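Subject: Structure handover

Hello,

Here is the structure we talked about. Please open it alongside this note; what I found follows below.

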Amino acid sequence: MRRTDPEDDAPERHAAPGAGSPVGRVPGDDDPEGHGTVRQGPHLPEDGLPVLPELSAVLAASAGRAHEEPAGGAPALLDAACGYWNRRGLPTDPGHVAAAPGAGALLLALTAALGGDVLVPRPCAAWWAPYARLLGRPVFHVPTPAESGGVPDPYALLETVRRVRAEGGDPRLLVLSVADDPTGTVAPPELMHETVEAAVGEGLHLADDETWRDTLHDPHATVLLSPAEMLPDHVTVVTDLAGALLPPGWPAAVARFPASAAGNGLHARVLDVLTALGARIAAPLTAAAGYVLTEPESVTARRSAAVRLHARVAAAVHAAVVAAGATARPPQAGRHLYADLGPLRDALGARGVGDAQELEDFLTARLGMPAPGGHRFGDDLLALRVRLSTGPLLGDTDERRAECLAAPDPLELPHVHAALTGLKSVFGDLCDAQRWEPPR
């Protein structure tokens with residue numbers, strides 16, 4: 001019996017959208033610009049801010065450390081990671097922690113160690129699916145509910161697992177995120193409960209990407225529940241420190257494994273893969289990662305200021321998008337939001353935009369900043385969806401970005417005001433054109 005198509009609506013013979021390639025377009029065949037290859041796909045949204053001086057000092061003081069760090073992380077770094085999770089209600093010991101130069105290396109090692117097929121939400125972070133495909137593992141996208149991204153609808157998950165197994169598949173890993181890239185939303189606890197229980201009931205292991213958990217825009221109004229708090233024996237938590245603690249160009253991430261016999265075995269196999277890959281964090285970066293994981297006052301103050309700044313700008317972007325007639329879930333975490341320009345399809349069609357790749361090209365050119373289409377995140381190529389980020393709106397110099405951090409209202413700064421005015425103009429033009437577009 002033929003295996004179920006891993007992309008649901010996109011044959012695997014085409015480049016898979018989760019890997020950054022538009023469905024139906026094979027890079028290199030008839031695409032001279034090379035659209036859609038993994039190396040040209042979207043990265044984590046940057047914070048656009050200068051490096052914290054105290055952090056630069058830690059890195060500089062460690063520049064003379066030329067020795068090689070152990071695969072999986074140095075003891076001091078693992079201890080700091082344990083403290084980080086202990087403060088979040090996830091008791092952890094160093095024997096169940098691993099560190100690597102970026103969350104991608106950890107997810108690749110985890111996927112290799114578990115074997116089997118991989119399930120991810122649709123849409124999902126652009127970097128999740130390529131690691132499975134690199135290992136030759138099928139990836140199955142499961143729809144998310146209307147209220148949030150990052151976590152699959154539990155009933156759709158059960159149906160997908162049933163269908164995959166009926167056609168010879170072997171689903172073993174579900175990757176999800178309680179605080180999501182690309183949608184910038186936080187899954188409500190009741191949804192997380194239902195999905196996690198459904199996944200564990202089907203024998204799946206869960207990898208929870210918690211990169212954005214410390215970037216809640218309103219932590220008093222948003223309840224974040226980690227699946228590791230619910231069913232800790234079935235969840236590996238992965239946190240890329242570039243989300244809230246380190247600059248995006250300083251690769252360091254940590255993973256927390258279940259404190260069980262199965263978790264011990266999984267941890268050991270992941271360390272084997274990291275060792276084989278030579279995936280070690282450089283000694284100076286190890287010092288910087290350990291420093292931020294202890295959360296000194298300078299780090300927490302910068303994090304809080306950055307979250308307030310991005311929350312303010314994200315709310316303004318959301319208001320502009322919705323005012324133009326597009327739809328978007330209100331952003332709750334991170335520094336990005338996910339907009340659906342389907343209601344503006346006629347106006348976009350008049351400008352030659354009919355799919356997510358063309359939308360990406362159109363908005364990137366007019367906004368003057370990256371605007372990756374939804375196909376980069378495993379979404380349908382024909383859906384007019386796009387991820388918009390706040391970092392590029394903060395200015396083009398360290399001085400202007402630092403000014404944003406200190407401003408009582410960053411939206412009143414001339415350069416931020418000008419950037420937002422340009423964004424509103426682009427979306428406003430589409431709204432006006434849609435209003436006057438004759439019905440088809």
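Is Arg88 buried or exposed? Arg88 is buried, because its relative accessible area is 15%, and the cut-off for buried is under 20%. Please keep in mind that this is a predicted model.

Now the salt bridges. Arg88 pairs with Glu295, and their closest N and O atoms are 2.6 Å apart. Arg88 sits in the loop between α2 and β1, Glu295 in the loop between α9 and α10, so this pair ties together parts that are 207 residues apart in sequence. Glu295 is buried too, with a relative accessible area of 15%.

Arg87 also forms a salt bridge with Glu295, at 2.8 Å between the closest N and O atoms. Arg87 is in the loop between α2 (75-86) and β1, so its pairing with Glu295 links parts 208 residues apart in sequence. At 47% relative accessibility, Arg87 is partly exposed.

These contacts belong to a network of salt bridges that links Arg87, Arg88, Asp214, Glu295 and Arg303. The count for the model comes to 17 salt bridges. Another one joins the side chains of Asp170 and Arg172, at 2.7 Å from N to O. Asp170 is partly exposed at 33% relative accessibility. Arg172 is partly exposed at 36%.

Next, the sheet. It is open and has 7 strands, in the order β1-β7-β6-β5-β4-β2-β3, with mixed pairing. Strands β1 and β3 (139-143) stand at the edges with a single partner each, so one side of each has no neighbour in the sheet. From one strand to the next, the twist averages 25°.

Strand β7 (residues 253-256) is worth a look. What covers its faces, or are they open? Both faces are covered. Ala253 and Ala255 on one side are buried, and so are Val254 and Arg256 on the other. In a regular strand, side chains alternate between the two faces of the sheet.

Two strands pair with β7. Strand β1 (residues 97-100) runs antiparallel to β7, joined by 4 bridges. Val97 has Arg256 as its bridge partner, and Ala98 stands opposite Ala255. Strand β6 (residues 235-240) also pairs with β7 in the antiparallel sense, over 4 bridges. There, Asp240 is partnered with Ala253.

Last, a helix. Helix α5 (residues 154-166) lies across β2 (117-122), β3 and β4 (171-176). Helix α5 runs at about 150° to β3.

Best wishes

How values were computed
Residues numbered from 1 in each chain as written. Predicted model: local features only at pLDDT ≥ 70, side-chain atom pairs only at ≥ 80, totals over all residues. Heavy atoms only, no water. Buried < 20%, exposed > 50% of the residue type's maximum accessible area, 1.4 Å probe, protein only. Pairing = 2+ DSSP bridges. Axes fitted to C-alpha atoms, helices over the stretch in contact; angles between N-to-C directions. Contact = heavy atoms within 4.5 Å. Salt bridge = Lys/Arg side-chain N within 4 Å of Asp/Glu carboxyl O.
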